[in-house]
Amino acid sequence: KPVEGEHPCFAGFQNMINHSDRCDGWVREYPEVGGEVTFLNTGLSVNSKFTLKAVVGGVINVWLEAGATELHEDVSIKAANIYTNQYDIGELKPAPGSDSWMEHECKIMGSMPFMYTCSNRVNILVQKCGVENAWVMQSDYLRNFPGPATKTSPSNFDIVFYMCQDLIDANPNPYAAANTFAHELAHVIQGGFGFSSNTMTEGGATWLEGPLLNLPPRPMVYAWGFRDWNRINAAHIYANTHELNSRKFYQIHSMFLTYLSQPELLGDHSTSALQNYQTFESSNIPFGRSAYDYFLKYLGKPRPDSFTPVTIDVQDTQYAFATALLDYRVAIASQCIVDAKLRPSEARYLMPENLRERPYWDCSSYPTYWSTSQASVDGAKADIHYGGAAVFRLAMPEGATISLAADADTKIRTKVLASGSASSDHKAEVRELTPGQSMSFEGGARDIYVVQVNVDPEGEFFGPHDRAQLWRRSSYRCAGPCEGKAWWAGSGPGKEYPENQHSALRSPIFTLPAADAGVELALSFRAMWDLEAMTVDGSSVGTGCPSKGYDGVQVRMHVYGADSDVQDSVEVLTPSSGYGGGPAAESGLQAFGSSGLYTQSSPCSSFEGWTGSSGDDHAWTQQHFSLAAFAWKRVRFEFLFASDGSDAGEGFWVNGIKVEAGGVTVFAEGDGEDTSMTEIAFVKTVSAGSVGKYDRVPVVAGVPEGYESDKGLQKVAQTRSAAWSATWATPSRNSDAAKRRAHLGWSYSAPIMEVKTALLHPGQEACVTLQAPFKGSLDTATLFLLVDKMGVSAVSLALRSAIAPHMLLGGNKALISDSPGIADPGTHRFKFNGKGQELEEGELFLACAGVGKVKTLPADNVGTLPFLHLPLTNVTTAGKEGSPGATMLIVPPALGKARAFQTTGLDPWSGHTFVLRAEFVEVLAQDTGADGRSGSGFLAP
């Protein structure tokens with residue numbers, strides 16, 4: 001419990017020290033400002049002296065390594081002041097009741113893990129690294145886990161954030177540095193709860209650094225480059241490499257959490273609980289649906305009053321995570337609908353309110369079918385990886401009918417988003433489409449988006465269908481007493497069986513009769529085996545059970561309730577002649593101990609089985625088991641095969657399987673390709689509700705028997721698709737559907753490792769040449785920026801003549817879009833509202849982005865010019881005068897001074913331009929309103 005005035009990041013620290021024996025009364029002490037301490041520089045792996053340069057807000061120590069510059073000191077201390085809002089300005093207060101980013105971060109995500117460090121400060125180490133990066137290390141504060149630090153612990157055994165001097169040199173923006181503080185310290189908070197998957201921890205920290213702190217989300221054009229938006233959209237939801245998705249999992253998961261954090265869905269606190277769901281129990285570490293399926297079952301519902309774990313459904317495509325993923329992609333597509341009145345009204349189909357006018361995705365990148373260019377779409381589809389999506393746009397058709405092919409993959413779910421109609425009372429609709437189904441959308445011209453997601457219920461699991469079959473019917477080595485074909489656990493003639501296998505050949509469930517006097521209940525069969533040789537080396541398995549070797553096979557009996565298929569118990573059966581033993585009756589096998597089927601405290605009989613060889617020349621043996629103990633019970637038996645990771649043989653064979661009661665057959669192996677027996681692979685699956693040894697954190701969503709999370713992404717290359725088709729009516733005369741439309745400008749495209757950006761300062765405009773494809777005008781234009789900026793409060797977009805001195809077209813004013821706070825929104829959509837300058841077919845013009853307004857904040861770097869940060873995209877015509885794509889920087893002429901302007905000339909960025917995408921709409925002869933009057937930006941005053 002916190003004491004009054006205690007910082008939320010260290011809430012409860014004083015009571016822990018004063019009223020518990022956790023730290024034995026010891027608290028880490030620090031020198032006065034100016035004092036030195038030796039820390040390990042984790043960038044260069046050397047011990048180095050660091051000087052304490054500042055204590056900020058009483059909770060952050062800023063340390064600089066010897067040799068640091070004034071710039072390193074200024075930026076790092078200023079960043080700490082921003083993070084704790086020592087300036088006390090509204091732009092750094094993320095939510096009502098939270099006066100700083102740091103305060104809000106800990107209120108929502110949780111406190112710093114001071115219970116492991118016995119300290120109540122964060123330490124920022126500004127160090128030489130040789131790379132432009134920053135990081136934290138969970139091993140710093142957990143090195144004595146589950147115990148805390150002591151007075152003999154080294155200085156790095158603390159809450160430490162490593163900030164590379166190289167990163168500050170590359171980007172001395174203190175706001176960016178403070179944002180990095182927030183991101184990395186989110187990882188410290190997460191690490192105090194345990195371990196989770198990289199996609200969840202990075203997605204959570206990226207959510208924190210943006211929307212949770214009331215800052216813009218990290219844009220898709222940040223960091224690593226990519227060539228195809230649709231490829232990124234369709235990528236595996238957990239893909240996290242440059243090659244698979246340019247590491248855009250940060251952004252995609254962050255935006256998914258942003259979507260879920262809406263009050264109508266999960267809200268901030270429950271979304272934080274989802275991304276913070278972690279454990280220190282290595283076998284229980286959550287991955288994907290093992291967290292999502294539990295939390296998302298409460299989407300849009302009150303918090304539960306009691307805990308009820310779930311078992312993940314790997315059959316049904318309607319599971320909670322699938323629906324949330326699909327609705328999230330619909331919400332992203334809804335941002336493309338320009339008129340807010342024509343979007344859906346349900347929160348599950350919308351992004352948070354402050355982001356609805358800021359399209360996160362490049363809407364022009366979706367495959368688009370124009371209403372005037374064709375009258376139908378036939379068999380459109382995309383190859384989609386698990387959790388990935390495909391979105392298609394039908395631009396303003398009338399009377400559209402959408403159909404999903406009857407043979408469409410059922411693991412792809414499809415929803416159709418239809419905007420409302422501006423010419424009728426039809427509201428926006430979202431409907432799910434199933435294979436073989438069609439649906440129509442009436443009510444005038446409507447923008448329609450077909451949204452598909454691969455929700456394969458087994459998509460993130462490795463299950464029985466994904467593993468090579470171990471048990472098979474074969475006549476190989478079926479000789480002598482073996483008749484017909486035998487069941488064989490092996491890889492093939494002359495081959496060793498696979499390593500690290502735990503797989504059973506299992507009978508169906510049946511009921512045994514009573515064991516009347518003189519009636520024997522028995523299981524019998526013929527068996528032959530060639531397994532890893534018996535090895536008696538003094539080792540043991542379980543709790544002191546002497547081991548006779550490693551690989552083996554045992555027979556087990558499962559017992560079920562009278563009216564239920566829920567298992568009551570499982571027991572290892574012992575053959576009448578025994579499983580054989582070592583020289584001193586050693587009987588345990590190590591592979592059973594590593595199977596996860598038994599615990600350390602299981603009886604020694606649990607680890608018994610056949611090993612080595614059944615005899616010379618592949619000798620067959622007759623085996624017999626009494627089943628008297630199971631009379632009148634519903635049971636099934638199985639042959640459990642277990643191997644480790646080393647030596648092997650050809651395998652294990654079984655033939656002539658029978659269960660008899662006094663000569664009456666109760667169960668018998670079939671002939672030929674017997675299907676009465678089935679294979680089940682055992683994996684180390686933790687059941688729902690089980691808890692960790694130290695942290696007692698429960699497993700909220702268990703994985704079904706035979707399945708394991710595909711943490712290694714072995715199925716990452718698998719794709720699915722579902723073809724759809726559409727038809728629509730001939731457009732009504734002079735309607736929106738009758739107008740031709742086209743995209744102008746260049747979407748973002750860059751190589752993964754060679755990304756280029758540029759700064760834009762006040763007075764400058766970045767201009768790209770565009771060309772009217774037909775008589776018409778711009779309807780909308782979307783400018784994509786990076787979010788770091790300084791001293792800018794608005795962005796402008798001006799349409800100018802392509803002829804110097806590039807006067808504003810038609811005397812219009814530039815459109816203005818607000819850029820509030822310390823970071824730019826990243827996306828600016830300018831709406832011309834039917835008042836854009838009318839242009840003739842083939843006419844060239846310039847679209848010019850600039851700084852619309854400036855505003856200085858207390859933490860701005862003194863002497864630094866205000867700037868916006870432009871991502872750049874490849875364009876081959878950037879230096880080709882008179883061609884679309886020709887790019888230049890200009891200082892535009894002032895009013896009344898038509899000839900006074902400056903320019904860099906063409907191609908200032910060597911084959912690149914800025915990222916601006918516009919939708920151009922035809923002006924029909926009967927249209928009115930395209931008179932050249934100025935329009936307005938969507939947040940213009």
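Modeller: The side chains of H187 and E202 are joined by a polar contact of 3.1 Å in this predicted model. A second polar contact, of 3.3 Å, links the side chain of H187 to that of H183. H187 sits in helix α6, which covers residues 174-193. H187 counts as buried because its relative accessibility is 13%, and the cut-off for buried is under 20%. Leaving aside residues up to four places away in sequence, H187 touches V136, Y141, T201, E202 and A205.

As for the cysteines, the structure holds seven disulfides. One of them joins C9 and C106, with the sulfur atoms 1.9 Å apart. C9 lies in the segment before α1 and C106 in helix α3, so this pair ties together parts that are 97 residues apart in sequence. Both C9 and C106 are buried, and their link is right-handed, with 90° about the S-S bond.

C129 and C164 form another disulfide, at 2.1 Å between the sulfur atoms. This link is left-handed, at -90° about the S-S bond. C129 is in the loop between β4 and β5, and C164 is in strand β6, so the pair connects parts 35 residues apart in sequence. C129 and C164 are both buried.

A disulfide also joins C336 to C363, with an S to S distance of 2.0 Å. C336 and C363 each lie in the loop between α13 and β8, so the parts they tie together are 27 residues apart in sequence. C336 and C363 are buried, and the link is left-handed, with -90° about the S-S bond.

Conventions
Residues numbered from 1 in each chain as written. Predicted model: local features only at pLDDT ≥ 70, side-chain atom pairs only at ≥ 80, totals over all residues. Heavy atoms only, no water. Helix = DSSP H or I, 4+ residues; strand = E, 2+ residues; numbered from the N terminus. Buried < 20%, exposed > 50% of the residue type's maximum accessible area, 1.4 Å probe, protein only. Polar contact = N/O pair within 3.5 Å; in protein donor to acceptor, adjacent residues only side chain to side chain. Contact = heavy atoms within 4.5 Å. Disulfide = S-S within 2.5 Å.
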